[in-house]
Amino acid sequence: MRIELTVNGEKHLIEAEPEETLLKILRDKLGLTGAKKGCDTGTCGLCMVILDGKTVKSCQIKAKKLKMNKVVTVEGLGKPGALHPLQKAFIEHDAVQCGFCTPAMLIVALDLLSRNPVPSREEITKTVSKVLCRCTGYIPIIRAIESLAEENKRKLTSKNKPQT
Amino acid sequence: MKAFLIEESVKKLEVVGKPVNRVDALDKVTGAAKYTADLYFPGMLYGKTLRSRYPHALIRGIKIGEAEKLPGVAVVLTAKDIPGEKRFGVVIKDQEVLVSSKARYLGDGLALVAAVTEEIAEEALKLIKIEYKPLPVVSSPLEALKEESPKIHEHGNLIKSYRVRKGDVNKGFSESDVVIERVYTTQFVDHAYMEPESAVAVPSHKGVVVYGSMQHPYSTRRVVASTLGLPLSKVRVIQTNLGGGFGGKDETASIICARAALLAVKANRPVKMVNTRSESMLESYKRHPYIMRYRVGVSEKGEIKAMEINLLADGGAYASTSPFVLWRSTVQATGPYEVPNVEISSKVVYTNNPYCGAMRGFGSPQVNFAVESIMDELAEEIGMDPIELRLKNAFKNGSETATGQVLNGHVVSIRQILRKARETSNWEGKRKLYKVQKGRLRRGIGIACCYRGVSLGAEGKDFAAAYVNVTEDGGVIVACGIAENGQGAKTVLSQIAAEALGVPVDYITFLGSDTSIVRDSGPTVASRGTIMGGGAVKEAAVKVRMKMAEVAAVILKTQPEKIIFKGGMVYDKENPEKHISFKELARRCYKKTINLSSIGWFRAPEIYWDEETGMGTAYFTWVYSANVAEVEVNLETGKVKVLRVYAFHDPGKVVNPKTAKSQVYGGVAMGIGYALLEDYKLEECIPKTLNLRSYRLIRAYEMPEVIPVFIENPDPVAPFGAKSLGEPATEVVAPAIVNAIYQATGVRIRSLPVTRDKILKGLKER
């Protein structure tokens, strides 16, 4: 079957088997290998992408369910020299070790901050809990996201301040 | 050791000790970092492995005809197609890349398929017909030692045993006021690195190039070369970004690389093999489960008089690094305490369970759990504070270990650490506070400490190589045989190169591991990356710097000894206005045809070990750690919540405070998993936890507050004084938690992991 996907703002016409997963399409057909396969049971969350504004485990989405969808992967965030603030925060807070969970962590964080620019620590922790990581103990990842939440909070308060 | 190492460890450092950002982070946050499974080559095939249906069986015949006929299948291979050595093994060559006549655990591979898609390869596996003769299994180490049990290997079921004898335990026990005997057990643990094992093999002229996810590219090269019957020089192993290792990506990685290489050479096309999570959990080696019997005698004042220790480890189907793992357990079994009379007997045996090998800690998490639990049990018996009892017996400079090694040449900081732990965690206040509690939620605080031999010790030849090349425009290319496992080796070794050359860290380009570029440097295990790799990188960099200093002296009209390299500039020490930039100096050297590349070689100091008596200098230097854990236990549900972990470590010198803290966070997370969550279960040698649902890893919401505290005592034998941190970070978390649970509930758990059921059962029996 043929499906049409807009991935990171770019339109693609893709020939796919109905049972093929979105993860496989992204990796094998579009060369977007940021999303990873870490399990067979939809448990690890390493394949997280944003599909039509919601985070999904791309290993759980079959081609037959896809039609004119919009997908955002880690490759859509920022490039060297023009990094997304989340990517900068991940580097600065040492939220990256082996890096295998990093793309998924960035995706769930991006989704959280787009819905709620000033999430609480509990909300951040809940979001980070969607993805497994074996290296970092999650603490630097939570701090990286928290640093942006704090920055957003500062921006919002200064905006709301009455002009003198 | 080399004089320059000592001299430089005391000078003011510019890059070492600074919170430099990880050098490989940029590629990893943009999705640009390629892992093995992310590689694609034109004409690439996909390989799959057929594994045994029985954990113990004779293989009577394999029929591959039907599989070969399936459209899309390129190659089907069995053991008889292996052109080179059939067997491999680090210590005992008892394992096969594909088994020929006997399967010894459920992860054993019997046949390989390469096809144009993964799906076709999987389909083809189903068409292979195997004739088995199932054999009775050996499912526990106690069973393995029985005379009447089936023999898993021709040489019997014992892999290795050690004995340590010091003083006279009978005398020690007779001098003791209190003697207690306890049995502690631990479970199988899966590494559960996020990236399952993977390999891509590309046939090349008369050989093969293998891209893979491995911790030790050189041992992979050895296995691939011997399996294919090729010389080492024709096998090039390139480590791609590694999605976690924790000790687990050595033999299992070698196997998948050798299989992919067999298929690729036979098909004359690139072959990719990626294990699924369940294949990974089925096939990969585990952390050994131990049965540990401790008998310890103390005086009423708390002086340890004797320890009698019996260790029995389940090695599973193959020997792997079991002899080395057991050796470390044996050497470190008494904990960091002066014990005048010691008797240790240890054994590791074959069973038909998954085989066990290296995993973060390498034999220490098990014995630390036992010895640090019994220390608390002893403290309770004689009515002494647990830290007080530890301080009473802890090593000091000049102390003698159980194996007769006198600890000197470095600061033996275990007492310093224990005192720091007591003060920082408000130990006395909290112990008192948690003594009297009411209600269903009860809190407790517990401590555990350890000492750890640095690097390989008597396990093997200990050396590392590095290559440093300063380009004509002043860039620095560094390569080292030590591998980046995600732990930050590239960052820390870049810092060491930058420090030695007096340049900012962004001058350094660190190459990935490639066996055809740098000499074998031993495995990146045993928390040896910084000390060994750093030693080699530093030596290479210093050699280049000395050549550059000679040229600079001519330009600045002074002597080479007076030249200083700092912040990308090169100065005359006595006359700082006379200077030249590092980059300009590199250009001048190029014009003068001076060779600015060098090989560094770092060899560990000699050690001595007598296997007969179990005595000797086990490791050339040591590190010391302690953890304090605070927990809250729900008496109704048995649920344990870890509230806080203080982690005290003396790694010699912290090269990078940022990445060092991250090592500690990750180590604590893994330690909590070991204590409370992770349990690789088997029934009659059949694994029951082959996915990440049934095998539980810690998630973010379960992480406590973690407070890393570094106590630095630079070690004269180490580069800039820096030793080890990777394994200490995880190895005393579990006993600290178990001891805290005891304070909270009065329930002493002697088998890991601590489950709700065990707590509730303990509460009932209390």
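Okay, let's start with a pair of strands in chain B: strand E2, residues 57–63, is joined to E6(B) by 2 bridges, and the two run antiparallel. If you want a residue pair to click on, Leu58(B) has Lys102(B) in E6(B) as its bridge partner. Just so everyone keeps it in mind, this is a predicted model.

E2 belongs to an open sheet of 3 strands in chain B, in the order E6-E2-E8, with antiparallel pairing. So which strands of chain B stand at the edges? Those are E6, 102–103, and E8, 129–134; each has a single partner strand, so one side of each is left without a neighbour in the sheet.

Now hop over to strand E28 of chain B, residues 622–634. Of its 13 residues, 11 are buried, so E28 is largely enclosed by the rest of the structure. E28(B) pairs with strand E18 of chain B, residues 441–453, in the antiparallel sense over 13 bridges. One pair to look at there is Arg443(B), whose bridge partner in E28(B) is Glu632(B).

E28(B) also has strand E29 of chain B, residues 640–650, joined to it by 10 bridges, again antiparallel. Asn627(B), for instance, has Ala647(B) in E29(B) as its bridge partner. E28(B) and E29(B) make a hairpin, with 5 residues between them, and in the turn you'll find Gly638(B) with a positive phi of about 80°.

Last stop, the contact between the chains, with 43 residues from chain B and 43 residues from chain A. Which helix gives the most on the chain B side? That's H18(B), with 7 residues. Helices H2 (25–29), H9 (277–283) and H18 (657–677) of chain B each supply at least two residues to that side. By residue type, the side of chain B that touches chain A divides into 18 nonpolar, 16 polar and 9 charged.

That's the tour, thanks.

Note on methods: Residues are numbered from 1 along each chain as its sequence is written. Chains are lettered from A and ligands numbered from 1 in the order in which they are written. This is a predicted model: local features need pLDDT of at least 70, side-chain atom pairs count only at pLDDT 80 or more; totals for chains, interfaces and linings use all residues. Two residues are in contact if their C-beta atoms, placed from the backbone, lie within 7 Å. Helices (H or I, at least four residues) and strands (E, at least two) are DSSP runs, numbered from the N terminus. Ala, Val, Leu, Ile, Met, Phe, Trp, Tyr, Cys and Pro count as nonpolar, Asp, Glu, Lys and Arg as charged, and the others, Gly among them, as polar. Two strands pair if DSSP finds at least two bridges between them. A residue is buried if 20 or more other C-beta atoms lie within 10 Å of its own, exposed if 12 or fewer, and partly exposed in between; C-beta atoms are placed from the backbone.
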